[in-house]
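Q: I'm new to this structure and would like a close look at one part of it, the place where the chains meet. Could you take me through it in plain words?

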Amino acid sequence: MSIEKQNIWQTLKQAKIIEGEEPKSDMIKTFWHTKILLAISGWVAALFFLLFLGLLFSSSLETPSVALILGTMIIIGGIALLQMFKNDFYENLAFAMSFAGQALIIYTIFENTDGKTQWILTSLFFALITLFVPSYIHRVVGSFLAASTFSITLFLFGIPGIGNALVIFATAFLWLHEFDYPKYMSAQRAVGYGLALALIYININGSIFLSYDFIIQDMFYTFNGIWMPAWIEEFLIGVIALYVAWQILKRYGHKITDLHTLSVFVATMILTAISLEVYGVITSILILLLGFSNSNRVLMGLGIASLLFSVSSYYYLLNITLLGKAQNLLILGLVLLAIYWLLSHFVLTDKEVKNA
Amino acid sequence: MAPIRDQLIPLIEEGHIPKEKIDEALSITKVFPNEKDWLVFIGQLLLWLGGIAIAFAVMFFIAYNLDNIGKFVQFGAIEALIAISVFTYWKFYNHPIASKVSLLSASILLGVLLALYGITYQTGADTWQLFFTWAMLITPWVIIGRFPALWIVWLVLLNTTIILYQSTFISSYFFLYDLTKILFIFNTLALLIWELSSSKFTWLNERWAVRLLALGSGTSITWLIMDAILDDKNMLSALIWVVWIVSFYFFYRYIKRDLFMLSEIALSSIIVAASFLLKVTNMNIGSAFVAAMLIAGMSAGAAFWLRNIQKGWQS
């Protein structure tokens with residue numbers, strides 16, 4: 001065992017949190033970059049597998065029922081392999097089979113349905129994959145695709161704000177309660193990452209969809225426009241931001257009536273109200289804060305990436321002039337620096353100011 | 001060394017820590033930051049976001065008012081902001097965040113000034129010259145800043161210069177191939193110099209920056225060899241790729257342990273193998289199935305290899 005892990009065990013033992021000798025464990029954590037390698041390789045293998053299926057069943061696949069049954073059988077075969085063999089080769093084979101089966105089913109859905117039905121079925125399908133396939137990578141990819149297609153679905157129904165708010169809330173809830181259900185922590189983390197990635201996608205998509213109506217009309221001819229007022233989404237996001245702030249404050253024993261809590265709430269509401277004008281920024285900041293709250297550097301990295309994408313795509317947003325964008329950013333910048341000034345003068349010590 | 005969070009999670013998942021004591025364990029090990037850490041973090045975030053928001057506000061404002069504001073006002077405003085940023089850097093030289101934010105803002109604003117110069121005076125200069133001049137002018141700041149993110153900005157500017165230069169002057173069938181070769185050479189050299197310098201200049205030891213460079217190097221060489229395989233080009237790329245793989249392996253396995261880099265060479269190998277399979281098989285039913293199995297096997301092998309290396313390092 002590594003020295004650092006022995007120190008953690010000793011530290012917890014001294015605090016009387018655990019007892020006894022440190023258990024020996026052969027489990028090695030698989031880092032995120034190895035998981036990305038497995039995911040990309042799985043997709044490459046899936047492409048060859050799809051080619052194999054296409055050549056083997058070429059004319060039969062044109063019948064929707066045959067394609068759906070075949071796709072489902074392949075996915076179930078993949079799940080069976082995952083359950084039966086805890087072995088890297090079979091796990092990767094299961095990926096390839098499952099991804100190929102999923103691609104077949106999605107292709108069939110898109111070839112045989114259209115409009116809102118396509119997207120409803122697709123988001124339901126990926127939600128089921130996320131729930132029932134016992135694999136970390138499947139859950140990340142499945143939840144990403146489920147949330148992304150869900151947001152498109154609600155966009156087509158004219159209520160994009162509800163979809164975005166639900167995804168943001170789900171992301172926040174999962175990460176704030178990351179350690180509450182030890183048995184499901186791995187699955188919860190996988191879905192949390194998938195949803196965080198989906199939020200980045202939704203931010204970029206939102207900018208495109210808000211600006212380029214002709215793209216929407218071309219892609220989704222059943223789209224009848226957004227009828228939900230923008231303030232509903234803003235209100236929901238504001239409530240979620242307050243929820244996140246409250247959950248974090250609760251960890252440190254603060255009560256809702258504390259002056260400290262109330263000032264944090266006021267600052268959160270001001271920042272949220274101003275940041276909402278700059279599309280995607282508040283979501284990115286929430287991801288960053290959720291990452292910091294659990295010392296999760298990968299999530300923090302996603303938050304920073306989301307921030308960069310949001311600011312870049314903000315430039316291309318067409319439903320507001322450059323002057324309007326400049327004003328929004330200037331107000332946001334000044335308010336942020338003003339809050340920093342208040343913080344450094346009334347809250348932080350000199351040493352903390354220097355570190356900040 | 002795995003972060004403490006990554007070491008604590010298995011203890012929680014395996015049930016070694018009683019459920020009612022999990023929060024306490026997280027607080028003691030600082031996986032849950034304490035309140036002071038939160039305040040410092042929030043302070044840093046406010047400074048960074050505030051500075052960057054204002055820098056972008058200025059850029060957008062200038063872009064909007066280009067036709068309406070007089071030339072002197074346009075130039076004066078940006079130059080004043082650059083001067084303020086530089087003054088802020090001088091004033092808060094010892095402040096770890098304010099100094100970096102101000103230097104980054106000054107570097108971005110210099111680019112805005114050069115763009116304005118090009119648009120105003122219609123010098124006929126090519127776009128690549130803008131980025132090249134921008135990179136050259138901020139070089140002294142990049143050097144004195146000792147700030148990895150600014151170095152990355154500088155390298156991105158030079159990469160952009162290369163791409164734009166090639167697209168301006170080189171129009172051949174092999175344009176993309178030649179461009180990728182140059183980008184590979186440039187980014188690999190940058191990576192080499194960075195790694196060699198980081199032992200002397202410890203502030204360069206930001207793994208995210210090095211990994212970004214490695215991604216630039218790896219993506220270009222992988223693309224080159226894929227192109228060479230699929231389009232029957234000169235196999236010199238294959239030789240360079242092999243040298244690249246071997247160098248990365250020895251350096252990041254034995255000298256500067258980095259599992260991310262080893263994952264990158266594993267993925268590159270799998271992609272090259274897939275390209276090779278696509279080329280040599282006739283894509284009949286049998287060969288498609290075998291190719292799928294081979295790729296699954298290779299990625300399983302890669303994951304097994306990486307986990308073994310990790311295990312060896314940890315013990």
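A: A word on the ground rules before the details. This is a predicted model, where local features need pLDDT of at least 70 and side-chain atom pairs count only at pLDDT 80 or more, while totals for chains, interfaces and linings use all residues. Residues are numbered from 1 along each chain as its sequence is written, and chains are lettered from A and ligands numbered from 1 in the order in which they are written.

Now your question: 76 residues of chain B are in contact with 69 residues of chain A. Contact here has a simple cut-off: the C-beta atoms of two residues, placed from the backbone, lie within 7 Å.

Which pieces of chain B do the touching? α1 (4–13), α2 (22–28), α3 (35–65), α11 (259–280) and α12 (285–314) of chain B each give at least two residues to the side that touches chain A. The largest share of that side, 20 residues, belongs to α3(B). These helix names come from DSSP runs numbered from the N terminus (H or I, at least four residues, for helices; E, at least two, for strands). Sorted by class, the side of chain B that touches chain A holds 52 nonpolar, 14 polar and 10 charged residues. In this count Ala, Val, Leu, Ile, Met, Phe, Trp, Tyr, Cys and Pro are nonpolar, Asp, Glu, Lys and Arg are charged, and the others, Gly among them, are polar.

Let's go inside. The largest nonpolar core has 167 residues, and the ones touching the most other members are A:F48, A:F49, A:A96, A:A100, A:L286, B:A292 and B:I295. Such a core is a set of buried Ala, Val, Leu, Ile, Met, Phe, Trp, Tyr and Cys residues joined through C-beta atoms within 7 Å. Buried asks for 20 or more other C-beta atoms within 10 Å of a residue's own, exposed for 12 or fewer, and partly exposed is in between, with C-beta atoms placed from the backbone. α3(B) turns up again here, with the largest share of this core at 16 residues. Domain 2 (41–169) and domain 3 (179–315) of chain B each put in at least three residues; the bounds come from an automatic or database domain assignment.

What about the rest of chain B? Its assignment gives domain 1 (1–33) as well as domains 2 and 3, and the centres of domain 1 and domain 3, taken over C-alpha atoms, are 34 Å apart. In the loop between α2 and α3 of chain B you'll find B:K30. B:K30 has a positive phi of about 65° although it is not a glycine, and B:K30 is exposed, with 12 other C-beta atoms within 10 Å. B:R146, in the loop between α6 (127–145) and α7 (148–169) of chain B, also isn't a glycine and has a positive phi near 50°. B:R146 counts as partly exposed, with 15 C-beta neighbours inside 10 Å.
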